[in-house]
Every structure is written in C-alpha cells, then in structure tokens.
2 protein chains.
Amino acid sequence: MLPDQPFLRIPGPTPIPPSVQRAVNQPMIGHRDQETKDLLHTIKPKLKPVFGTEQDVLILAGSGTAGLETAVVNAVHPGDEVLVIVTGAFGSRFVQICQAYQIETHRFDVEWGEAVKPEAIEAYLKQHPEIKAVFATFCETSTGVLNPVKELARVVHQQTDALFIVDGVSCVGGVAVEMDDWDIDILITGSQKAMMLPAGLTFLAVSERAWEVVETNDRPSFYFDLTKYRKQLESGATPFTPALSLLFGLKQVLELFEEEGLETVFARHKLMKNMTRTAFQALDIPLLTCDEAASPTVTAIKPEDFDPEALRRVLKRDFDMTIAGGQQHLKGRIFRIGHMGYCSPADMLQTISMIEYALHKIGQPVELGCGTRAAQKTMLSGGS
Amino acid sequence: MLPDQPFLRIPGPTPIPPSVQRAVNQPMIGHRDQETKDLLHTIKPKLKPVFGTEQDVLILAGSGTAGLETAVVNAVHPGDEVLVIVTGAFGSRFVQICQAYQIETHRFDVEWGEAVKPEAIEAYLKQHPEIKAVFATFCETSTGVLNPVKELARVVHQQTDALFIVDGVSCVGGVAVEMDDWDIDILITGSQKAMMLPAGLTFLAVSERAWEVVETNDRPSFYFDLTKYRKQLESGATPFTPALSLLFGLKQVLELFEEEGLETVFARHKLMKNMTRTAFQALDIPLLTCDEAASPTVTAIKPEDFDPEALRRVLKRDFDMTIAGGQQHLKGRIFRIGHMGYCSPADMLQTISMIEYALHKIGQPVELGCGTRAAQKTMLSGGS
C-alpha cells in the first residue's frame, strides 16, 4: 500500500481541497480585529445562496449535533409539543435532543431506507394541531435517503402554524435547497460534509416566522442563543471566540463554489449518485433505497450474499480506503459510500473499480469492470 | 469539473505526498546551523539504498539537467572522447551537454521506442578503445524504455577502462538499481520524478573508480565541482546554499520509502506498469515499446486510428488531467502516462477508466470498462 494516501469515502468527514487546507493553515489573527470582521463580512453574502435564503446564515463553533441542539433550544418554548420525523439514526438524534430538554415529543417512524411520505405527515398533523415544531432530516446519512423537505414544508405550513426545522447536515452544499421559497423555518448544516471543511462549524439560517418564536424564547442555554449570533453578525462579529482557521477555510470553500458554480456543484453530486447506483445495479448488488428516495451525497448498498464488513476490511487493508458500514439495526447489513464535497466523477470511477477488485478478493464473482462501465456510460450520457 | 483537483499523470514532475508537502512548508532554518547539519546527517545514510551504493549521494540545488551536466564536467577530462547512447530525447541531451564543452562525442543511436542492445555497445567499444566515458539513459522518458544498464555496465568495463555514467532521472526511486554491484560509475537523478519532490534537487553518486578521474580533473566549472560537495558533506554541510525546503521534503520522502519498504515501492511501480500495459492491450491500442523494454515508471502508447492530442485535450477539459504527448519526431504520434512516485495502483485504475471515457468522447468505440478490467485482473493476479 502506498503510504500517505488514504481514500476517504464515508459520508463525512470528507476530504479537504488543497486550497482549503492551505487557507486553514493561515496564521492566527485577532478575533476582535478588523481582519476578522472583514472575513465575516466576506463570508456572509456568499453563504446565503448555499442555503437558498436571504436570511443571514449564523455560524457557531460546534459539530452538526450542536447545530441540531441549537435549533431545538431556540425554536421550542417550554411546554411546546413537537413532531420528529425519524427515517434513520439522525432523525432519532432529534428525538434524543428533545428528550434531554424534557420536550413532549411525537415520533413519526419510517422504515429505514425509505423516504417519509408528505401525505402521512399531513394526516398526522391534522390529528395533532397542537404541534408547534416539526423536525425532519433532509439527507438521512444512515440510509442515503433524501427526504422531500419541499413538500413537507408545504404540508406543515398548510396544516399548522408549527415551525418546520430541517437537519441538512449531510447534504447542504451538495444538493439544491431553496430555504426561502420552500418555506423552511430553520435549516442546519455542519462543516465536514458537502461543505468540504474539517468538522467544527455548524451553520443555521432562521426564517422571519422562526425568529418571532426564537426572540420571545427564554431558552435554556447561554452558548446556543441564536439571538446573540444574529446581533453580533450585523457588525461582523461573533458572541464567542470564532474558530478562525475554519473560517479561513470557509471563505475558500465559498470561492470554490463560486468558481464551479452552485448549479454545477449540485449537478456533479447528482451525477456521482447516478454513477454509483448504475454501477451497483450492473454488478447486481441491491441498493437500500429506491431511485426516487436516493440522496446525491451518500449511497447505501445492501448485499444479499456477502458480508459488507468483509468488503470494508479488504478496502482498508489493500487501499487504505474507508467506506461506511451500517448503523444500529443495519450494522453488518449494509455499506455506505459517501460522494459529496471534494469528490469528483473521476473519484467515483476509481472507487467503483476499487470495490470491484475488493469484491473479487472476498470471493464475489462479479464481472470485473462492469460497474465501472455502467458508471462511465452514465457519465457519457450526461449523468441521467 | 471539480476545481482544485488536477490529475497529474505526466512522467514528472509528479504529485507530492501530503506529508512531504507539509515537510516542505516548514519554517526556514539557518543553512549553517546545527539543524541543517543534523538534517543532512539524517538524509545521508537513507539515500544510499535508493541508489544501491555505499558511496555518499551528493545533493546539488539544480534540475536533473544540472545533474547530467555535473557528471559530464567532472568525469570528462579535456581531450577525452566519449560515447553517448541515444535512445530518445534525453540521450540527445547528454550529446548537447558534451558539445557545449567541445567534447569529442561518439553518438550511438537506437530507434526510439527500443532499448539499446548491450552487444551492440560491446562491438562499438571494441572498435573504439579510446573512449573514456560512456553515457546512457536508464529510463528514457521520451519513449518509456528502460535500458539494460546492468548489462551495459558489464560490457563497458569488460571492453574498456571507460567510466559508465547513467542518467537515472526518471526512474531512480521507482526501480531497483544496484549501483555498486552493477558497477555504475556515476548515477544521477532529480527530485521531481520517482523521488516525489518538487523539482530543484539533483543527486549524484560516484564510484571509487570515477572519483579517481574526478579528483584529478581540472574541470571547467565552479558550482558543479563534485569534490567540493563530497568534502562538505563529510561534516554535514554543502558548499553553496542548500535548497532547505526541498531537503525537509527529502527527509520525509526517505521516511515514506522506509515505511513502505523499497522492495515494495519497486514492486508497486512494476505493478502499475503491468496494469497500464495490459489495459491498453485489452483496449487494442498499440504500445510503443515491447514488454522487455518497458519502464516501470512511464508508458508510451502509439495509437493507429486517433490523434493523441485530441485525447489529451478531452482529458484536460473534462478532468483537468494532464498526460504527456510525444517529443520531437514522436510529437502528435504518441501519448505517455507517468506512473511513478506518489502514484498507486488505485490511481492507475482511475487513470485507465478516465481514458476509456475520454476515448469515447473523441469517438473511439472502445469497449468501456475493458481496460479497467484488464488492470484489475493484473492486480488480482499479483501484478504479473
């Protein structure tokens, strides 16, 4: 094995582009100096199109989970009932956060690997008009499902005056999202997935409707108080010490987005999804999710006749490649390939050809090259 | 196209491993301080096995050509006649250097794409016993030929008392070489090929036989005087300002070599050669060189029914991938793929699958995936 060259194909943290790595490595500056204000003023307008919003996108030092907790703490008043749509492990996380705050939580479970049906939520909300906030996962990382958040926002707002809050951690930056047009109230993401940064930043954008709730909330947190972040950002500042090296990197990420063009970024992710799916279809290895529910950022594969962990071990041993296994009850039953952020169609050709090799190594008599060929054909046909 | 991710598959300069890049980025130190002496003392023993020699390997700041010129200037006394074996563009370079110093130069030309036959040199030297130095190219970068320097060394020393001087620029670090056992008198390489560094360093090792010639030589250069480098290196110093950042990187390269094991490094290069060759054979696209003459570090392909430049343009446009074209009379007739240094078998799977894609883009109806499959099979069979 060639040292020094790990292949990271998990659904985040993702590889860092060299120019972003260089940006992250810049010397420290004073966090209250004008340079920091300039940095935040440069970042502010460039983040908005990534979220599809005119609202300021607030930046906290913290992981994606900190962002989810921030949303809960700010959007839910004491005594409010909430609904959490659970399509996998990260839906469950919203439930756990709500429970940590003794929030009365309705839980709507969907079979892992399937997307939630908006009409089911519509029906549920009809029966529970008391619900004040609905939490959903945009891309469910544990299954590779992309939930229909646009339609969910519509039914939530038609049925109730509840806020609609979306965990976009494993897809924002890699899939088109129009927070304002779709009427999402809080959209959250993290830095370490399609945003091509190391972990350590979480981002939240908040609608006018949600701000009304947030501003009147006697929230049980000091650090997670979004009103502080909003107020400080107006003058290019942060309420607490910002993670400056990650902000240096973020500026460069946003410049890369502008250089490639966001539409092209999103099309690239769709293409990588389609290449991955057609490859495994050609190899006759079942996908966990149907085409309609599949996320452009991560694909889960559910083999019938081999152990996903054996495949992962060979990839690690022979190539220093890491793909993800399953979580919770899918542990040992699926494997997941991340194709988001700093990842190209050429990387997917490589990933697929490496997996074909590893399948042979574990004794699976797949036709060598046939998944690669399917992915090449998908590329040649423009990705559809 | 994903910005920030060029694919460099030319036969040097080659990509730099991240840990080497980090090493290169270290802060400057005083070039006469103890830290520099320590650095050179650390490097010195680790370079010897790369050259297969017990001699000190001398390091000059300069490109590979500076190294070739240094060899000529030190090894050839005024009035000496020399023989240059020319199997491609870099053999010609030795001729040009000799001519710049008005050295009487015999030129032995071999058809580009073929290796020189030792018995032909044996016959030539029988007729020209006056020759005092024989220059050969180990890997001829312009054609992907690996010349049989071990056998050449044998016939040179059997026939004459001439020095045998070898340009190893595009292979040392990627192919096994036993300078002492094979009886090579001067072996030269550069930093930017299988040595995984940026260009800027050239390395020379000199046999005892050659030192006798060098030490009595009233050479026409101040900077290229090898006796100065030998004398200074004894105390961990250099006669002129060393290129410190590249030496920081070199230390890390040598640690990577140790980590992987030199035998494994060489086996990896052989495997990449075999993967590349079997892939193009499967695609029915002719190789320039025969199996016996093929270098583990670079492969030249000579298509009959498409323009190599069209292929290169598509690879550049669609992937930001650079492969090399032909040089001199092979310009527009061949393309060359570098597979040396920081390059893995997985990179070759990717390169081949990208080329299959690009061949379709230029209208060549190759069977998609079939070159990739051939390369995968070569890997699975252990590389033979």
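In this predicted model, B:Ile352 is in contact with B:Met275, B:Thr276, B:Ala279, B:Gly371, B:Thr372 and B:Ala375, its neighbours within four places in sequence being left aside. B:Ile352 belongs to helix 13 of chain B, which spans residues 345-361. The residue has a relative accessible area of 2% and therefore counts as buried, the limit being under 20%.

The arrangement of the two chains may be considered next. A rotation of 180° with 0.0 Å of shift along its axis places chain A on chain B, with an RMSD of 0.0 Å. The two copies are thus related as by a two-fold rotation axis. Both copies use the same surface, since 100% of the contact residues of chain A recur in chain B.

At the interface, 39 residues of chain A touch 39 residues of chain B. The two chains bury about 3100 Å² between them, and 63% of this area is on carbon and sulfur atoms. On the side of chain A, the greatest losses of area to chain B fall on A:Leu2, A:Asp4 and A:Leu380, which together account for 20% of what that side buries.

Helix 13 of chain A gives the most to the side that touches chain B, with ten residues. By class, that side has 18 nonpolar, ten polar and eleven charged residues.

Definitions and conventions
Residues numbered from 1 in each chain as written. Chains lettered and ligands numbered in written order. Predicted model: local features only at pLDDT ≥ 70, side-chain atom pairs only at ≥ 80, totals over all residues. Heavy atoms only, no water. Least-squares fit on C-alpha atoms with pLDDT ≥ 70 in both. Contact = heavy atoms within 4.5 Å. Helix = DSSP H or I, 4+ residues; strand = E, 2+ residues; numbered from the N terminus. Buried < 20%, exposed > 50% of the residue type's maximum accessible area, 1.4 Å probe, protein only. Buried area = accessible area lost by both parts, 1.4 Å probe. Nonpolar A, V, L, I, M, F, W, Y, C, P; charged D, E, K, R; others polar.
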